[in-house]
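Here is a short tour of the fold, written to be read beside the model. Keep the 3D view open and follow along as we go from the whole chain down to a single side chain.

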Amino acid sequence: MAAPPNFEEGQSTYRLPRFNGQYYGWWKTRMQDFIMAEDSELWDVICNGPFIRIKTKGDPVVTIPKTRKEFNDVDCKAIEKNFRAKKILVCGIGPDKYNRISACQCAKEIWEALQTAHEGTT
């Protein structure tokens, strides 16, 4: 994985890496490190998908997703992780790549769409 030409040392640790369509491998590694340093649970959301809060109901017992009205504080905090991860990813790409991910509903879909576009599939 090559760094882009004219890469300046001492990049900010507070500003997220920006993907402009080139050097995807370099951006991917830097973005992963940035997200994990921000909050390691955000990286879990990107790898595993958003938290889906469920409840049990009926006899026989069936699990179904909770509605937003049924969320408690713990559920809301878990759901917010997906929104934070999604915000970081969206802010880390340029406008030329936004159309590729604009329909994605969760951070995992955004990451996979970028990965497929720039690395292909197995």
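## The chain as a whole

Residues 24 or more positions apart account for 50% of the contacts in the chain with a separation of 6 or more, where contact means heavy atoms within 4.5 Å. The chain has 5 helices and 2 strands, and along the sequence they follow the pattern α-α-β-β-α-α-α. Helices (H or I, at least four residues) and strands (E, at least two) are DSSP runs, numbered from the N terminus. Of the 122 residues in the chain, 30% are buried, that is, under 20% relative accessible area, with exposed being over 50% and partly exposed in between (1.4 Å probe, protein chains only).

A word on the model: it is predicted, so local features need pLDDT of at least 70 and side-chain atom pairs count only at pLDDT 80 or more, while totals for chains, interfaces and linings use all residues. Residues are numbered from 1 along each chain as its sequence is written, and side-chain values use heavy atoms, leaving out hydrogens and water.

## The nonpolar core

The largest nonpolar core has 20 residues, and those with the most contacts inside it are Trp27, Ile35, Ile46 and Leu89. Such a core is a set of buried Ala, Val, Leu, Ile, Met, Phe, Trp, Tyr and Cys residues joined through side-chain atoms within 4.5 Å. At least two residues of this core come from each of helix H1 (24-38), helix H2 (40-48), H3 and helix H5 (107-119).

Take Ile35 as a guide: leaving aside neighbours within four places in sequence, Ile35 is in contact with Ser40, Leu42, Trp43, Ile46, Ile88 and Leu89.

The axes of H1 and H5 come within 11 Å and cross at roughly 155 degrees; axes are lines fitted to C-alpha atoms, for helices over the stretch in contact, and angles run from 0 to 180 degrees between N-to-C directions. H1 is therefore roughly antiparallel to H5, a label for angles over 145 degrees. Tyr24, Trp27, Lys28, Met31 and Gln32 of H1 make the contact with Trp111, Leu114, Gln115, His118 and Glu119 of H5.

With H3, the H1 axis comes within 11 Å and crosses at roughly 145 degrees. Here Met31, Phe34, Ile35 and Glu38 in H1 meet Arg84, Ile88 and Leu89 in H3.

## A buried lysine

Lys81 lies in helix H3 (residues 73-91) and counts as buried because its relative accessibility is 14%. Not counting residues up to four places away in sequence, Lys81 touches Asp39, Glu41, Leu42, Val45 and Phe51.

Technical notes
Angles under 35 degrees count as roughly parallel, over 145 as roughly antiparallel, 65 to 115 as roughly perpendicular and the rest as oblique.
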